[in-house]
Structures are given as C-alpha cells and as structure tokens.
Amino acid sequence: MKKIIDKLYQQHNLSKEEWIALFDNRTPELEAYLFALARKVTAKTYGNKIFIRGLIEFSNYCKNDCFYCGIRHSNKNLSHYRLSEEEILNCCEIGYASGYRTFVLQGGEDPYFTRERMVHIIKDIHANYPDCAITLSIGERSFLDYQAFFDAGADRYLLRHETFLDSHYQKLHPQAMSSANRKECLFNLKKIGYQTGSGFMVGSPYQTNENLAEDMLFIKKLSPEMVGIGPYISHKDTPFHEMPSGSVSKTLFILGLLRLMMPTLLIPSTTALGALDKDGRLLGIKCGANVLMQNITPQSARINYTLYENKDRAGDADNTMNNPLFTELLNDGYKITTTRGDALVSEGEEKNV
C-alpha cells in the first residue's frame, strides 16, 4: 500500500481500483506514513500557515429534507431563526476586530434570502470590509443567482457534492433533489470564477469504499480550490437517527490523501471532527488541513444551528486569537494567519479574485 501512497505523492492521481485498495487496507502504520508525507506537502506548499475564517450561521431555515441533516425542513423540534442584515454586519464587525479577514455566510436553503436580499448583504459587507474575502455556503441556486452574488463581491462558494454516485445520493436525499443538479451547480460556480469548495461526509449511511473512490475521482476532475470533509454524525431528529456516526480516523486518512492528490487545496479541519473527538480539529491540522473556521454567530442563534449532534464540543466558539486551539497550534510551530488566505493556483502564487 505504501507504493500506492508514493504514487499519489509523486503523480497526484490514482485509479479507482487503487483508491479502493487504500480504503480497504488502511492500517495505523499506513496512516503514519501518509500523515508524514501530508505534513511535508503542506509545509512545502503553504509553510506553517493556518488560515482562519469567521463563520456566520445566519439562518437555520431550509426548504430541503435531507435525511441526515438536523435543520431539515421536517424537523419540528428545531427552534428557527434568521439573522437580520444588521446582525450579520455586527458579526463582521466583531470578527474584523478579532483579526478575521474572511467571512463565511452559511445557512440552510432559505427562500427568504432572495437574490436581491443576498446581493444587498454582500454589497454592504464588501463596502464595509473591502480587504476581506466573502464566502457563501447557501446551497443550490440558479446560475443567475451565483453570478449576481459574484458581481456583488462574493469571492468563494462552498457546496459539498456529498456523494458522487446518483444511487447513493438518492439514499441520502428526497426525490426532489438530484446529484446531477448539485454537480451542475459546482461547475457553474467554477465557470463564473468563484474559488469553489466541495466535499463529502465520511461514513454516511450506505457509503462504500467504492463510493469514496468515486468521490476522490470527482474532486480531481472538478479541481476545486477548497475541499471540506468531515465524519457523518447521526442526529436524533432525522430518519437516520439510529445510524452509526462515521470514523474520525478514516476521515483523517482521507484528509491526508486529499493533500497528496491536490497539494494547493485549502482544507478545513472541520467542526465535525471536533464534535466526535475533543482533539479532532488539532489532529486534522496535523494530517494536512490548513484552515480553521471559528464561529462568530451570536450564541443565541448558534445553539440552534444543529446540522449534527454534539456540535458544542467542536471548540469553534472562542473566536479570539488566544483561544486554546490557536495557542496549542502556535506551541507546535504553526502560524495563525490573519489574511484573506486565498487559494494557490501554483506554488507560491495566490489566486485573488
């Protein structure tokens, strides 16, 4: 298996069969070998920089009924909220004062936030903080919506493909949703010029190693600037409430593989890792991740943005520069970088949009 890891390190590509072989034959020894190479590649490409983002979870309304998600439309136990534009701008003000130069606006697919409302919000943030990047994570929208948001000043867009194969996608989503539309949205984002992020859950219900191999092949084809992966986490108020959560160790393994496959990726150490393991986000950085998202949403709203359970364990609530996670990373020789932290298009060259 080390030969396959070496091939990935040298050629940045594998066949479907080779991906499956790695997933089928993962061992602690192979993981250690991989993580050492992943750290080497990350250091060569980005040095010791860890990029930070201010996360604003501005609405937990969602029109969709994804079977795994805690803010699904049919969850009647959820206390709903929407932040006003004034509240969103206040989050940015607090985040900017703390040193953040990227704001991530994340929410469910909330029909209230029309194209016009989102454009107004984006323009206001851009006008008040012109040196900051604006990232959106608000799901599937039309090409015209994406174009309007980009023209208004949005730089990046996060939209996980969740799983490549249609047959698996349909096991996780209602019939009204389609894998084909999700992929079309991602290619539209790339066409418009966004720094585009995709990703998937590790250990989602009915997932096989063949599914994961197809996910890796799709990411290579899409060539996004960012990839976010995290373990699937079961939620009590979903149809999958009895399904087991995913594995932290397998997620870390795939994170390291992503770093070898695409060395310039921006890879967050996700809150889902922290939700399953108190050291999960620290481990993610040590396995090849280089982005941390800290939550700058008001506490009164944040507690209801429950995509999955145990989110409060993630360690993302303290957005100051001296929070315990940042301090531990500094002690380990990393540098918390208060810049936009754009993706690299080639070694040493930032892709500024």
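Predicted model: local features only at pLDDT ≥ 70, side-chain atom pairs only at ≥ 80, totals over all residues.
E162 is not a glycine, yet its phi is positive, at about 70°.

- Most residues other than glycine have a negative phi.
- E162 has a relative accessible area of 8%, so it counts as buried, the cut-off being under 20%.
- Y206 also has a positive phi, near 70°, in a residue other than glycine.
- Look for Y206 in the loop between strand 5 (195-202) and helix 9.
- Is Y206 buried, exposed or partly exposed? Its relative accessibility is 45%, so Y206 counts as partly exposed.
- A glycine comes into the story too: G47, which follows helix 3, has a positive phi near 70°.

- Helix 3 covers residues 28-46, and at 1.5 Å a residue its 19 residues should span 27 Å. The C-alpha atoms at its ends are 26 Å apart, which agrees.
- Which residues of helix 3 are buried? They are L30, E31, L34, F35, L37, A38, V41, T42, T45 and Y46.
- Two packed helices are described by the angle between their axes and the distance between the axes.
- Helix 3 packs with helix 10 (residues 248-261) at an angle of about 45°, and the two axes lie 9 Å apart.
- With that angle, helix 3 and helix 10 are therefore oblique to each other, and their crossing is left-handed.
- On the helix 3 side, the residues that meet helix 10 are L30, E31, L34, F35, L37, A38, V41, T42 and Y46. On the helix 10 side, they are S249, L252, F253, G256, L257, R259 and L260.

**Helix 2 and its partner, helix 9**

- Helix 2 (residues 16-24) and helix 9 (residues 209-222) pack with their axes 9 Å apart, at an angle of about 130°.
- What does this make of their orientation? Helix 2 and helix 9 are therefore oblique to each other.
- The crossing of helix 2 and helix 9 is right-handed.
- Helix 2 brings K16, W19, I20, F23 and D24 to this contact, while helix 9 brings N209, E210, L212, A213, E214, M216 and L217.

**A21, a residue of helix 2**

- A21 is found in helix 2, and at 19% relative accessibility it counts as buried, since the cut-off is under 20%.
- Leaving aside residues up to four places away in sequence, A21 touches M1 and I4.
- A21 and A213 are 192 residues apart along the chain, and their C-alpha atoms are separated by 9.4 Å.

- Strand 7 (residues 291-295) is mostly covered, with five of its five residues buried.
- In a regular strand the side chains alternate between the two faces of the sheet.
- Which residues of strand 7 lie on each side? V291, M293 and N295 are on one side, L292 and Q294 are on the other, and both faces are covered.
- Strand 7 pairs with strand 1 (residues 49-59) in the parallel sense, over five bridges.
- To find your place in this pairing, look for I52, which stands opposite L292 in strand 7.

Key: Residues numbered from 1 in each chain as written. Heavy atoms only, no water. Helix = DSSP H or I, 4+ residues; strand = E, 2+ residues; numbered from the N terminus. Expected span 1.5 Å × (residues − 1). Buried < 20%, exposed > 50% of the residue type's maximum accessible area, 1.4 Å probe, protein only. Pairing = 2+ DSSP bridges. Axes fitted to C-alpha atoms, helices over the stretch in contact; angles between N-to-C directions. Parallel < 35°, antiparallel > 145°, perpendicular 65-115°, else oblique. Left-handed = near helix turned anticlockwise from the far one by under 90°. Contact = heavy atoms within 4.5 Å.
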